[in-house]
Amino acid sequence: MPVEEFVAGWISGALGLVLGHPFDTVKVRLQTQTTYRGIFDCVVKTYRHESLLGFFKGMSFPIASIAVVNSVLFGVYSNTLLALTATSHRERRAQPPSYAHVFLAGCTGGFMQVYCLAPFDLIKVRLQNQTEPRARPGSPPPRYRGPVHCAVSICQEEGPRGLFRGAWALMLRDTPTLGIYFVTYEWLCRQSTPEGQSPSSASVLVAGGFAGILSWAVATPLDVIKSRMQMAGLKHRVYRGVLDCMASSVRQEGLGVFFRGLTINSARAFPVNAVIFLSYEYLLRWWG
Ligand SMILES: C[N+](C)(C)CCCC[C@H](N)C(=O)O
């Protein structure tokens with residue numbers, strides 16, 4: 001199994017993550033808390049109470065973990081295509097795979113990455129939702145001191161399975177939407193590139209950016225549900241499952257709840273995925 005795609009996915013995931021984390025913090029807060037009137041209000045309040053650092057809460061951990069997740073995604077995607085079409089990534093420009101194969105390989109990558117993503121994502125969401133300002137003498141400390149403390153506390157308080165809260169919703173969110181992600185990317189690249197040639201940097205950036213936006217737009221309803229289920233353990237609000245969480249969220253807040261965070265998600269998705277695909281493609285070309 002060729003490993004260079006895993007390494008390229010690892011590095012590109014890390015680059016995309018740093019760029020996207022501030023957007024992601026605002027998104028998670030808008031989705032799970034009701035104190036903000038909108039993106040602008042959330043940005044201003046976060047900055048006032050927590051300074052710029054507030055936007056980077058919980059980042060050190062995802063940078064290590066999401067990079068691994070991205071590596072699984074791109075590695076599995078490329079190797080599934082290899083299995084399906086018998087072409088390595090080097091040969092794929094000359095012999096492009098069919099969109100059905102691209103979709104299937106994307107779904108497989110999405111499905112496989114969920115196992116690593118679920119616990120990392122849960123810890124990230126819990127840390128991002130701690131709105132206490134940086135520790136000041138005398139003020140009560142935040143519930144979790146950091147990712148490791150968070151993981152240990154969840155295991156103690158909710159059992160090891162607590163780390164996989166929301167994993168179902170995550171799997172439903174990611175399996176089809178990562179198929180859409182790679183199909184959109186391939187389609188846009190092929191539209192703007194003469195046959196048989198490698199796409200230019202501009203094509204890769206634009207195709208990656210739109211692949212990110214489109215797949216996130218489709219994924220947002222389940223993303224909201226996933227984040228809520230992950231927070232549920234903390235609030236002692238227990239949902240019986242994905243459907244129960246959907247029904248009770250809609251009952252309380254209306255259908256609009258499924259689109260919480262859509263704007264901010266799209267704003268984040270473009271630069272993050274443009275950089276992910278650009279660095280991925282270039283690393284692979286550079287390694288020959
Ligand atoms: C498929 N879905 C839209 C859910 C996720 C796509 C993930 C792409 C990238 N790692 C990012 O963080 O934007």
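Where is histidine 89 found?

## Histidine 89

Histidine 89 sits in the loop between α3 and α4. Helices are DSSP runs of H or I with at least four residues, numbered from the N terminus. Histidine 89 is buried, at 17% relative accessibility. Buried means under 20% relative accessible area, with a 1.4 Å probe and protein chains only. Leaving out residues up to four places away in sequence, histidine 89 touches Glu4, Glu5, Ser78 and Leu284. Contact means heavy atoms within 4.5 Å.

## About the model

This is a predicted model, where local features need pLDDT of at least 70, side-chain atom pairs count only at pLDDT 80 or more, and totals for chains, interfaces and linings use all residues. Residues are numbered from 1 along each chain as its sequence is written, and side-chain values use heavy atoms, without hydrogens and water.

## The nonpolar cores

A nonpolar core is a set of buried Ala, Val, Leu, Ile, Met, Phe, Trp, Tyr and Cys residues joined through side-chain atoms within 4.5 Å. The largest one has 21 residues. Leu73, Phe74 and Tyr181 are among those with the most contacts inside it. Helices α3, α4, α6, α7 and α9 each supply at least two residues of this core. Helix α9 gives the most, with six.

Leucine 73 touches Gly109, Gly110, Gln113, Leu178, Tyr181 and Phe182, not counting residues up to four places away in sequence. A second, separate core has twelve residues, including Leu122 and Cys150.

## Asparagine 273

Asparagine 273 lies in helix α9. Its relative accessible area is 6%, so asparagine 273 is buried. Beyond residues up to four places away in sequence, asparagine 273 touches Tyr181, Gly208, Gly209, Gly212 and Trp216.

Notes:
Buried means under 20% relative accessible area, exposed over 50%, partly exposed in between (1.4 Å probe, protein chains only).
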